[in-house]
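These are my notebook entries on a single chain, written down in the order in which I looked things up. I put the model on screen and began with a residue in a loop.

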Amino acid sequence: MKSRQKEESKMKKGMIKVTSGYERFVHWILAISCLLLCYTGLGIMFKELNFFGVIFGGLKGLSTVHDIMAVVFAVSLVLAIVMWWKEAGIFVFPEDLDWIMTAGGYLWHVDKVPETGKYNPGQKMFFLTVALCGLMMVCTGFFMWYPTILPAALMDWVYVLHVLGFVVIFAFFFVHLYLGTIGNPGTVQAMITGWVTRNWLKKQHPKWLKEMEHEGTLIVYDGDK
């Protein structure tokens, strides 16, 4: 009850709900498990970073946390793909191509950024990267648990692909972090409280705002809830 009151105290009348509690739950479970996997994975992979395991009771604890988080990550990844695939996993042409041709206005000045739906092509690229590389890491991680299943020659590739997936996801994470905070002020609120201002939504996702208004699915905070 107190957390709900605290959340509502941060909201202002007229703010619009853009994410459900379930969406935010899956997002943060996926993000936290991914970060813990990166942290523990680095500690396991490099001898110089074995000290990462100190907070987990040593290298054995580091490995245990990595294995547990691998399962959490796999489950949350599947939930995320099922939940967001239709909206974030499929490109819509020609509108998405128009956005890509202007780089969404991120790399150079654009008088008018082409309007897209709920997720722009940049967000779709990030989602697909996490989905595909994540699935690759889950599959390769499984074979790393049971290394005798595959021939030694194939296991060499398993390790290479696992590291490759880590490098790609880790790099994209910082891009995602920047665009969700400093790059686009107000964006992070969508995954914290679930509510954003109309001005933010009109600037970032004008077409989606129009769609919700047309469909009658727009949820606006009236300040009396």
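Does Thr19 count as buried or exposed, and at what relative accessibility? I kept in mind from the outset that this is a predicted model. Thr19 comes out as buried, because its relative accessibility is 7% and the class takes in whatever lies under 20%. I found Thr19 in the loop that runs between strand E1 (16-17) and helix H2, and I noted that its side chain reaches the backbone oxygen of Ala190 at 2.5 Å.

Entry on the overall layout. I looked up the elements of the chain and found eight helices and two strands, which run α-β-α-α-α-α-α-β-α-α from the N terminus on. The C-alpha trace spans about 55 × 45 × 30 Å along its principal axes, and of the 225 residues 37% count as buried.

Entry on the largest pocket. I read its volume as about 1400 Å³. Its lining is made up of 48 residues, and those closest to the centre are His27, Gln123, Phe126, His176 and Gly180. I then asked which elements give two or more residues to this lining, and the list was H2 (21-45), H3 (59-88), H4 (95-101), H5 (121-145), H6 and H7 (198-204). H6 provides the largest share, with eight residues. Sorted by class, the lining of the largest pocket has 35 nonpolar residues, twelve polar and one charged.

Entry on the second largest pocket. About 650 Å³ of space lies in it, and 25 residues line it, with Leu37, His66, Gly141, Met144 and His162 the closest to its centre. Here the elements that give two or more residues are H2, H3, H5 and H6. By class, I recorded 19 nonpolar, five polar and one charged residues for this lining.

Entry on aromatic rings. I described each pair by the distance of the ring centres and the angle of the planes. The count for the model came to twelve aromatic pairs. Phe91 and Phe93 form a stacked pair, with 6.4 Å centre to centre and 25° between the planes. I checked how open these two residues are: Phe91 is partly exposed, at a relative accessible area of 26%, whereas Phe93 is exposed, at 58%.

Phe170 and Phe174 form an edge-to-face pair, with 5.1 Å centre to centre and 85° between the planes. Where do Phe170 and Phe174 lie? I found both in helix H6 (residues 152-180), four residues apart, which is about one turn of the helix. Phe170 is partly exposed, with a relative accessible area of 28%, and Phe174 also counts as partly exposed, at 45% relative accessibility. As a last item I wrote down one aromatic cluster, which is formed by Tyr39, Phe51, Phe52 and Phe56.

Methods. Residues are numbered from 1 along each chain as its sequence is written. This is a predicted model: local features need pLDDT of at least 70, side-chain atom pairs count only at pLDDT 80 or more; totals for chains, interfaces and linings use all residues. Side-chain values use heavy atoms; hydrogens and water are left out. Rings of Phe, Tyr and Trp (its six-membered ring) pair if their centres lie within 6.5 Å; planes under 30 degrees apart count as stacked, over 60 as edge-to-face and the rest as tilted. Buried means under 20% relative accessible area, exposed over 50%, partly exposed in between (1.4 Å probe, protein chains only). On a 1 Å grid over the protein atoms alone, a cavity is a set of points where a 1.4 Å probe fits but cannot get out, and a pocket is an open set with protein on both sides within 12 Å along at least five of seven lines; lining residues have an atom within 4 Å of a point. Grid points are joined across faces, edges and corners, and a volume is the space filled by probe spheres set on the points. Ala, Val, Leu, Ile, Met, Phe, Trp, Tyr, Cys and Pro count as nonpolar, Asp, Glu, Lys and Arg as charged, and the others, Gly among them, as polar. A polar contact is a pair of N or O atoms within 3.5 Å; within protein, one must be able to donate a hydrogen and the other to accept it, and residues adjacent in sequence count only if both atoms are side-chain atoms.
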